[in-house]
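Have a look at the model first, then read on.

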Amino acid sequence: MTSGKDPQAPWLEAAQQFQQNLIAQWTQAAQAFPGAAAAPGPSASADPFAAFKAFMPQGTAAQPFGMPGGAAGFPGFSNLFDQAAGQKVKLDPAQMLKIQTTYVQEMAGLWNQGAHMAPVADRRFSNDAWASNPVAAFTAATYLLNARTLMAMADAVEGDAKTKTRVRFAVQQWIDASAPSNFLAFNAEAQKKAIDTQGESIAKGVANLLHDLKQGHVSMTDESVFEVGKNVATTEGAVVFENELFQLIEYKPLTAKVYERPFLLVPPCINKFYILDLQPKNSLIRYCVEQGHRTFVVSWRNPDESIAHKTWDNYIEDAVMKAISVTQDITGADSINALGFCVGGTMLSNALAVLAARGEEPVNSATFLTTLIDFTDTGILDLFIDESFVKYREMQFAEGGLMPGRDLATTFSFLRPNDLVWNYVVGNYLKGESPPPFDLLYWNSDATNLPGPYYAWYLRQTYLENNLVQPGKTVVCGEKIDFRKVKLPVYVYGSREDHIVPIGGAYASTQVFPGKKRFVMGASGHIAGVINPPAAGKRSHWIGAAGKFPTDVNEWIDSATEQPGSWWTDWSDWLKPLSGKQIAAPKAFGKGKSYPAIEPAPGRYVKAKA
């Protein structure tokens with residue numbers, strides 16, 4: 001029997017609650033002290049740790065950067081460790097003794113340095129204001145020592161790999177949330193700025209806070225600078241088909257001739273498609289058009305209650321497979337080339353398997369960008385998903401409902417909390433800064449909902465049970481999924497530093513498909529690795545020996561050769577021979593009365609807010 005409480009990972013709940021409590025404190029300060037006198041943080045006389053203590057496990061007397069009392073002189077963190085692991089944990093006694101000895105020695109060293117504290121090598125404390133203030137410098141150094149000690153304690157936990165990783169993740173969340181830089185009462189840089197600006201930075205911080213409370217999320221960029229269709233998602237095209245799940249966009253050719261085999265992109269429905277069309281200089285869509293491909297893109301509808309009952313099968317049959325058939329109808333092509341990005345790649349793979357089971361082969365080649373098909377290696381996301389969590393979601397969405405985009409965005413942000421949460425909390429509110437315009441972060445803040453039944457099915461079949469790669473185990477659209485029947489050529493791309501689709505998870509697709517394959521690894525992460533136009537001359541990519549795909553990704557990496565610049569040119573060279581002969585570019589969008597142009601790209605679906 002599953003309880004009615006969401007069994008979401010306790011460390012994520014804790015971090016979210018901590019952020020909410022801090023915001024509540026700052027809001028109270030803004031109400032009590034309007035204008036420049038309002039300090040977005042606890043006053044010197046108040047308990048600056050009240051918000052933090054509110055979410056700590058029962059019995060843990062924690063300070064944000066201090067080491068509270070506990071057994072053997074260490075903090076009472078056993079409750080946090082137990083909650084993170086989902087069970088009672090034990091710590092290796094020998095390691096604990098070594099940790100305690102090291103801690104006492106290093107703390108004594110900090111005390112002996114006193115006013116001659118060396119600068120702290122951490123970007124959160126790199127400003128001269130920290131080094132020039134002995135108290136602040138000691139605070140930062142003590143915090144970092146405590147952080148190292150807590151991580152050593154997490155490493156001393158006895159148990160299986162998943163238990164240890166869960167504990168490490170929970171402790172890291174606690175460490176990141178409790179940094180003294182997150183509190184105005186202890187942030188020397190924010191305090192100096194408040195003095196230098198005669199309180200103006202505090203006033204701006206309060207204004208930023210109130211703005212973010214109104215919009216419902218922390219600002220990562222100046223969102224007022226961007227508008228979809230005006231300065232992002234500007235590649236010229238038209239919507240040529242739509243149903244309740246998606247719009248199909250056809251783009252205007254930029255060459256006199258195009259390849260006879262059209263090209264369809266399937267982006268993830270967990271995000272909006274214009275990550276592939278941010279600006280002309282970094283648009284993968286525009287790049288495809290410039291290479292002579294007659295290009296079509298799926299633009300997902302941002303779900304509302306009217307489609308909250310939709311399932312995975314609906315998205316495969318009525319969206320991905322429908323987009324394939326409409327692209328064929330419009331162009332008259334016997335087959336098309338297709339690309340799937342992230343979850344869009346997972347859906348594309350399912351559509352291909354369903355079509356193969358039905359004896360149909362409308363897709364000539366497939367490209368998978370940072371895509372999971374074999375979910376053996378899912379990285380840190382594996383920590384969030386277990387049987388109780390999935391059962392809860394299945395019960396929650398048994399009759400339909402929406403998985404809010406903001407909840408999904410928060411989860412992904414807390415995978416990298418210092419970069420995607422606390423960095424902006426400190427900058428926006430404590431220092432009163434406005435983040436600069438950045439198209440990628442604007443897109444990242446433009447959340448999308450998911451239909452609950454779709455989401456629950458996906459969790460169980462992929463992350464929890466990894467059924468897709470077990471031939472015949474999963475049934476989609478009435479057909480048993482068996483990738484051994486999907487024999488088309490595939491291009492598989494993975495990003496080396498991807499924390500959402502680890503490089504091993506992306507590479508695992510090479511073991512799934514039986515046909516001709518090419519695997520390329522790019523530098524950087526999930527988004528920056530993919531959106532890397534050749535003209536920028538940034539980063540690099542790795543190419544392995546043709547036709548050799550060992551089981552272990554590390555063997556492939558060891559034998560691969562690094563190439564400078566973007567992987568886009570390698571992929572373009574791979575795709576062109578699979579695209580057929582060149583023909584005259586079409587003069588109009590769509591196909592007469594059958595598929596008339598409905599509205600200009602990017603269409604209205606992508607503009608709907610979650």
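How many aromatic pairs does the structure hold? The structure holds 30 of them, where rings of Phe, Tyr and Trp (its six-membered ring) pair if their centres lie within 6.5 Å, with planes under 30 degrees apart counted as stacked, over 60 as edge-to-face and the rest as tilted. Please keep in mind that this is a predicted model, in which local features need pLDDT of at least 70, side-chain atom pairs count only at pLDDT 80 or more, and totals for chains, interfaces and linings use all residues. Residues are numbered from 1 along each chain as its sequence is written, and side-chain values use heavy atoms, leaving out hydrogens and water.

**Aromatic rings**

- Phe125 and Tyr143 make an edge-to-face pair, at 5.9 Å centre to centre with 70° between the planes.
- This pair links distant parts of the chain, 18 residues apart: Phe125 is in the loop between helix H4 (93–113) and helix H5 (128–131), and Tyr143 is in helix H6 (residues 134–155). Helices here are DSSP runs (H or I, at least four residues), numbered from the N terminus.
- Phe125 is buried at 3% relative accessibility, and Tyr143 is buried at 2%; buried means under 20% relative accessible area (1.4 Å probe, protein chains only).
- Ring pairs also join a cluster whose members include Phe241, Trp300, Tyr315 and Tyr595.

**Cysteines**

- Zero disulfides turn up in a search of the whole structure, a disulfide being a pair of cysteine sulfur atoms within 2.5 Å.
- For Cys342, the nearest cysteine sulfur is that of Cys269, 9.4 Å away.
- Cys342 is buried, with a relative accessible area of 9%, and Cys477 is buried at 13%.

Methods: Helix = DSSP H or I, 4+ residues; strand = E, 2+ residues; numbered from the N terminus. Buried < 20%, exposed > 50% of the residue type's maximum accessible area, 1.4 Å probe, protein only.
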